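Please open the structure in your viewer and keep the selection tool at hand.

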Amino acid sequence: MIPVPALFLHIQKTAGTAVVRTVSGYYEKVVSHLDYHGCRPDDLDRTDFVSGHFGYGFARELMPSRYCFTFLRDPVERVLSFYYHCRRSDPGQYPVYRLAREKSLDEFLDLALEQPQVMSYVWNHQTWQLACGWGNRDGRYIVDYDPEQMITDARDHLAEFDYIGFTETLDRDMAVILERLKITLSAGIPRINAGGARPRPEDLPSSTRSRLRRITEMDQMLVDHARSLRRSRGR
């Protein structure tokens, strides 16, 4: 059976690599991760499975003809996962990896409030990607967006997706998505790119927890809205 054409908006550190690895092998033409760089959305019209670290601003033109889904994650957990992923990665690959190696967690979180180079990866990143995000054709950057408009747009755009999954319920959500894509797995869902040992949020100093709440406030609102949207769709 030929799978249903699909678009997966892959937000970093939301178990997206496992999703892509699970699904992409069933399609003939696939774009994932950073493959979309240098492409316009209409360049991918004939691509069966489109995924990547792009935002809604890139995805929107490709959505009408595909089953569209994304995954969200507890915002604090996502930021911690991203920071420790950067610290384990090659510092020469991206500037944000180097900064994570050089900075303590608190220093890195402070940079997310003042340095655009870090902000777009960390400060309310899930909201940014659903409002407009990387790869948008308007040339908008996160610092150009009014925060109130950003959360409003992200909430509105989330409603356009056929399914919203959560990292915390990956297996259950993937079962639904795979059924709708008409894919029958030959093996289980892999655990790929999983983070190593890191502190739990509750074990961090109160000053660090305060920083984390401050830079994820809109993301928490978005996740709460997504859960409400899921419940209303379920009914």
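Select R73 together with K13, T14, R78, S81, Q126, T167, E168, R198 and V223: R73 touches each of these residues, leaving out of account residues up to four places away in sequence. This is a predicted model. R73 itself is located in the loop that connects strand 4 (67-72) to helix 3. Is R73 buried or exposed? Its relative accessibility is 15%, so R73 counts as buried. Now show the side chains of R73 and S81, which are joined by a polar contact of 3.4 Å.

Five strands form an open sheet in the order 2-3-1-4-5, with parallel pairing. Strand 2 (30-31) and strand 5 are the edge strands, each pairing on one side only. Select strand 1 (residues 6-9) and strand 4, which pair in the parallel sense over four bridges. Within this pair, A6 has Y67 of strand 4 as its bridge partner. Move on to strand 5, which runs parallel to strand 4 and is joined to strand 4 by four bridges. Here F71 has G165 of strand 5 as its bridge partner.

Remain with strand 5 (residues 163-166) and consider its two faces. In a regular strand the side chains alternate between the two faces of the sheet. Y163 and G165 lie on one side of strand 5, I164 and F166 on the other, and all four are buried, so that both faces are covered.

Select M63, in the loop between helix 2 (56-59) and strand 4. With a relative accessibility of 7%, M63 counts as buried. Its contacts, leaving aside neighbours within four places in sequence, are L7, Y56, C68, E160 and F161.

**The nonpolar cores**

Which residues of the largest nonpolar core touch the most other members? They are L7, F54, L72, F108, V122, L130 and M150, in a core of 58 residues. Helix 3 supplies the largest share of this core, seven residues. Apart from this core lies another, of 19 residues, including A6, Y27, F71 and Y163. Return to L7 and display what surrounds this residue: L7 touches V50, F54, A59, L62, M63, R66, Y67, C68 and F69, again not counting residues up to four places away in sequence.

**The cysteines**

Select the cysteines. A disulfide is a covalent bond between the sulfur atoms of two cysteines. How many disulfides does the count give? The count comes to zero. For C68, the closest cysteine sulfur is that of C132, at 17 Å, which is too far for a bond. C68 is buried, with a relative accessible area of 1%, and C86 is buried as well, with a relative accessible area of 0%.

Select S89, in the loop between helix 3 and helix 4 (95-102). S89 counts as buried at 11% relative accessibility. Its side chain reaches the backbone oxygen of H85 at 2.7 Å. Beyond residues up to four places away in sequence, S89 touches Y97 and R101.

Begin with helix 5, where L105, F108, L109, L111 and A112 are buried. Viewed down the axis of helix 5, these buried residues fall within an arc of 155°, so they line one face of the helix. They pack against helix 3, helix 4, helix 6 and helix 10.

Finish with helix 10 (residues 206-215), in which T208, L212 and I215 are buried. Turn the view to look down the axis of helix 10: the buried residues fall within an arc of 75°, so they line one face of the helix. An α-helix has 3.6 residues a turn, so residues three or four places apart point the same way. What lies on the other side of helix 10? S206, R213 and R214 are found there, and they are exposed. The cover over the buried residues of helix 10 includes helix 3 (75-88), helix 5 (105-114), helix 6 (116-122) and helix 11 (217-234).

Notes:
Residues are numbered from 1 along each chain as its sequence is written. This is a predicted model: local features need pLDDT of at least 70, side-chain atom pairs count only at pLDDT 80 or more; totals for chains, interfaces and linings use all residues. Side-chain values use heavy atoms; hydrogens and water are left out. Buried means under 20% relative accessible area, exposed over 50%, partly exposed in between (1.4 Å probe, protein chains only). The arc is that of the directions from the helix axis to the C-beta atoms. Contact means heavy atoms within 4.5 Å. A polar contact is a pair of N or O atoms within 3.5 Å; within protein, one must be able to donate a hydrogen and the other to accept it, and residues adjacent in sequence count only if both atoms are side-chain atoms. Two strands pair if DSSP finds at least two bridges between them. A disulfide is a pair of cysteine sulfur atoms within 2.5 Å. A nonpolar core is a set of buried Ala, Val, Leu, Ile, Met, Phe, Trp, Tyr and Cys residues joined through side-chain atoms within 4.5 Å.
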